[in-house]
Amino acid sequence: MGESQQTAGRVEWPAAAECPSTATAAAGCPSAEEAELLQRWNSLATGFRELTDQLLGDAQREVGLPPSLLEVLCFLATTPEQAAPMRLLAQTLGFSTAGTTGVVDRLAEAGLVERRPSSSDRRVTYAALTPQGRETATAAARVFADSVRRRVVEPLGEEGFASFAGAFATLGLVGGDSCPGGAAAGNS
């Protein structure tokens with residue numbers, strides 16, 4: 001075998017017996033310790049993606065908007081003045097520049113977001129919630145928060161959830177309190 005195989009979002013490395021014990025790296029196999037570490041990491045990453053999909057799915061069923069639009073609305077609902085530079089949206093939510101433009105276009109067409117030029121930098125454009133967008137974002141944020149309570153906080157407990165969030169903060173991976181992603185500095 002000698003190669004990794006991906007099954008259902010998880011990389012499975014060859015069994016230790018299939019790798020020569022003296023030359024695991026040379027044979028294309030991580031050590032048993034490395035394989036276990038990578039499998040545990042892969043499980044965490046897959047689980048976090050699946051959980052996020054479930055949370056966004058709950059909000060989608062209630063509000064009727066697709067996940068990418070909900071992510072932008074929830075994020076904007078938690079920002080100062082309920083507006084953010086387009087580049088910040090892209091960075092924070094992990095969208096490409098073109099993807100961010102497309103999502104904001106769809107939100108603007110629906111009357112939920114408007115584009116505003118920056119008063120201090122003509123190169124920067126803000127996406128800002130409209131009054132209808134604030135109502136929709138608030139409804140989505142409430143459903144999302146309820147889902148977080150039900151799917152995460154209740155099973156982990158308040159202390160476990162705080163510890164989980166603290167672990168990400170310790171790693172420097174969160175920068176703000178937004179729904180569903182954390183804020184990061186930047187502009188468009």
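Analyst: A residue is called buried when its relative accessible area is under 20%, and exposed when that value is over 50%. Please keep in mind that this is a predicted model.

User: Which residues of α4 are buried?

Analyst: In helix α4, which covers residues 97-109, the buried residues are Thr100, Val103, Val104 and Leu107. Viewed down the axis of α4, these buried residues lie within an arc of 95 degrees, so they line one face of the helix. Ala98 and Glu109, on the other side of α4, are exposed.

User: What span does α4 reach from its first C-alpha to its last?

Analyst: The 13 residues of α4 reach 18 Å, close to the 18 Å expected at 1.5 Å a residue.

User: How should I read the pairing of strands, and which strand pairs with β4?

Analyst: Two strands are taken to pair if at least two bridges are found between them. Strand β4 (residues 113-117) pairs with β5 over five bridges in the antiparallel sense; Glu114 has Ala128 in β5 as its bridge partner. Strand β3 (residues 83-85) also runs antiparallel to β5 (residues 125-129), joined by three bridges, and Pro85 stands opposite Tyr126.

User: Which element gives the largest share of the lining of the second largest pocket?

Analyst: That element is α1, with seven residues. The second largest pocket has a volume of about 330 Å³, and its lining includes Trp41, Phe48, Arg49 and Phe164. By kind, the lining residues divide into 10 nonpolar, one polar and one charged.

Note on methods: Residues are numbered from 1 along each chain as its sequence is written. This is a predicted model: local features need pLDDT of at least 70, side-chain atom pairs count only at pLDDT 80 or more; totals for chains, interfaces and linings use all residues. Side-chain values use heavy atoms; hydrogens and water are left out. On a 1 Å grid over the protein atoms alone, a cavity is a set of points where a 1.4 Å probe fits but cannot get out, and a pocket is an open set with protein on both sides within 12 Å along at least five of seven lines; lining residues have an atom within 4 Å of a point. Grid points are joined across faces, edges and corners, and a volume is the space filled by probe spheres set on the points. Helices (H or I, at least four residues) and strands (E, at least two) are DSSP runs, numbered from the N terminus. Ala, Val, Leu, Ile, Met, Phe, Trp, Tyr, Cys and Pro count as nonpolar, Asp, Glu, Lys and Arg as charged, and the others, Gly among them, as polar. The expected span of a helix is 1.5 Å times one less than its number of residues. Buried means under 20% relative accessible area, exposed over 50%, partly exposed in between (1.4 Å probe, protein chains only). The arc is that of the directions from the helix axis to the C-beta atoms.
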